[in-house]
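Hello,

Please find the structure below. My notes on what was found follow it.

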Amino acid sequence: MIFGLIIWMIIIMIVVWLLVSNIRIVPQAHAYVVERLGGYKETWGVGLHFKVPILDRVAKRVSLKEQVVDFEPQAVITKDNVTMQIDTVVYFRIFDAKLYAYGAVNPISALENLTATTLRNLVGELELDGTLTSRDTINGKMTTILDDATDQWGIKVNRVELKNIIPPTEIQNAMEKQMKAERDRRETLLQAEGHKAASITRAEGDKQAMILAAEGERDARIARAEGEAKAIYLSKKAEADGLRALKEAGVDGILVVTPYYNKTSQRGLIA
């Protein structure tokens, strides 16, 4: 009796262990690919799931979050036969866990090789200067090509970036010399423009000074002329006021003349 009870307890414990060990909880932004007897059965989404012991197994756990892979620099030859090193960064996410699990043996390695070949094809159509100045164009074309090609692997390519473009050493030296010459030219141009502006400013200052001096002299002459005219006016007015005062006093018969007038009159009488 006791032996049979022990056996039943062992069986119950095994059943409970099997039940507990076959419970799976899929976290957020993940998916589990489940196989039954070696064949695809279903894809589990977020939540609680139970797999049949022995028959079912979780073949692949897939993250649905956006992922970033930074591939090693690739040797790329431009249209004008310049070899440079370019490394790329690919931003992608998995949109179909089943295709990702069964579409390719190693999807990330396949994506790396596809990125390298696509980059060589695009850069091979451009010359060195075009490659250096067309980074955004290359990024856009690579994103479109990779996104279309990786659909069968369950991968959605969101963005591709050329991280570094490293030309040969001799070209880098030539570019540095060219940049230095351009900086020197701009500096010389700025200095010449500065001297020109300073000369113009000095000339404008001298011109304004001469204008102000001429205006001052003119104003002084006008003021002197106005002062003399006013003095003559006041003198004549004083004489007129004096004569009017004498007239009002009744001194009409008396002739008032200046000494100069008397002398002139006397010379006229003598003659």
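**Notes on the model**

Leu37 lies in the loop between strand S2 (30-36) and S3; strands (E, at least two residues) and helices (H or I, at least four) are DSSP runs, numbered from the N terminus. This is a predicted model, in which local features need pLDDT of at least 70 and side-chain atom pairs count only at pLDDT 80 or more, while totals for chains, interfaces and linings use all residues. Residues are numbered from 1 along each chain as its sequence is written, and side-chain values use heavy atoms, with hydrogens and water left out.

Leu37 is not a glycine, yet its phi is positive, near 55°. Its relative accessible area is 69%, so Leu37 is exposed (exposed is over 50%, buried under 20%, partly exposed in between; 1.4 Å probe, protein chains only).

Asn81, also not a glycine, has a positive phi of about 65°. Asn81 is in the loop between strand S7 (74-77) and strand S8 (83-94), and counts as exposed at 65% relative accessibility.

There is one aromatic pair, where rings of Phe, Tyr and Trp (its six-membered ring) pair if their centres lie within 6.5 Å, with planes under 30 degrees apart stacked, over 60 edge-to-face and the rest tilted. The ring centres of Tyr40 and Tyr102 are 6.0 Å apart and the planes are at 85°, so the pair is edge-to-face. Tyr40 is in strand S3 (residues 39-44) and Tyr102 in helix H2 (residues 97-102), 62 residues apart. Tyr40 is partly exposed at 33%, and Tyr102 is partly exposed at 40%.

Regards
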